[in-house]
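Please look over the structure below before reading on. The briefing after it is meant for someone who has not seen this chain before.

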Amino acid sequence: MAQREGFTLGVKLVRGAYMASDPRHLIWATKKETDRAFDGIAESLLRRQWNRVLYPAARASEQPPAFPAVDLILATHNYESVRKAETIRQEQARTGEERIRLAYGQLMGMADEVGCELIMYGRNTDGSAASAEKPRTY
């Protein structure tokens, strides 16, 4: 119905866990597993393609459904994950591939160098400076 009606799926992909309160079975056992899951989901959403990490619940004999229209907020302080996402975006811009709407989210004061790099080197495909919101505290 969402695709038929033209809705866009809004995703806020957040890396992190409340170790003291989240059920342990919902948290990856290692950082490597966390990185693989987060980066795999991010790549799937950015490319709008199912992959080994993010795929629809369907029987093996069924054709997977079309990937939905999606907008993404990528919330992480992990430099490598941000670089991977930016590499995908740059590749898409270079090849003229359609890109989803994307925003990055970080907590102020945590890994500010990651956010500052995105702002400092951010460019639109025409070479003009990308727009960025001024950090606000809540």
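Residues are numbered from 1 along each chain as its sequence is written, and side-chain values use heavy atoms, with hydrogens and water left out.

**Overall layout**

- The chain contains four helices and three strands, where helices (H or I, at least four residues) and strands (E, at least two) are DSSP runs numbered from the N terminus.
- Along the sequence these elements follow the pattern α-β-α-β-α-β-α.
- Of the chain's 138 residues, 25% count as buried, a class that means under 20% relative accessible area, with exposed meaning over 50% and partly exposed in between (1.4 Å probe, protein chains only).
- Among contacts (heavy atoms within 4.5 Å) between residues at least 6 apart in sequence, 62% join residues at least 24 apart.

**Confidence**

- The predictor's confidence in each residue, pLDDT, runs from 0 to 100; the chain averages 80, and 72% of the residues score at least 70.
- Confidence is highest in α2, at 95, and lowest in helix α4 (residues 112–121), at a mean of 64.
- Over residues 134–138 pLDDT stays under 50, and the model has two contacts beyond four places in sequence for this stretch.
- Where pLDDT is low, the predicted coordinates should not be read in detail.

**The pair α2 and α3**

- Helix α2 (residues 31–47) packs with helix α3 (residues 79–95) at an angle of about 20 degrees, their axes being 10 Å apart; axes are lines fitted to C-alpha atoms, for helices over the stretch in contact, and angles run from 0 to 180 degrees between N-to-C directions.
- The two helices α2 and α3 are therefore roughly parallel to each other, since angles under 35 degrees count as roughly parallel, over 145 as roughly antiparallel, 65 to 115 as roughly perpendicular and the rest as oblique.
- On the α2 side the contact is made by F38, D39, E43, L46 and R47, which meet S81, K84, A85, I88, R89, E91 and Q92 in α3.
- The residues of this contact divide into four nonpolar, two polar and six charged, with Ala, Val, Leu, Ile, Met, Phe, Trp, Tyr, Cys and Pro counted as nonpolar, Asp, Glu, Lys and Arg as charged, and the others, Gly among them, as polar.

**Residues in the loops**

- R48 is found in the loop between α2 and β2 (70–75), and counts as partly exposed because its relative accessibility is 34%.
- Although R48 is not a glycine, it has a positive phi of about 55 degrees.
- Most residues other than glycine have a negative phi.
- A66 also lies in the loop between α2 and β2, and at 52% relative accessibility it counts as exposed.
- Leaving aside neighbours within four places in sequence, A66 is in contact with Q3 and W50.
- Q106 has its place in the loop between β3 (101–105) and α4, and is partly exposed, with a relative accessible area of 31%.
- Q106 and T76 are 30 residues apart along the chain, and their C-alpha atoms are separated by 6.0 Å.
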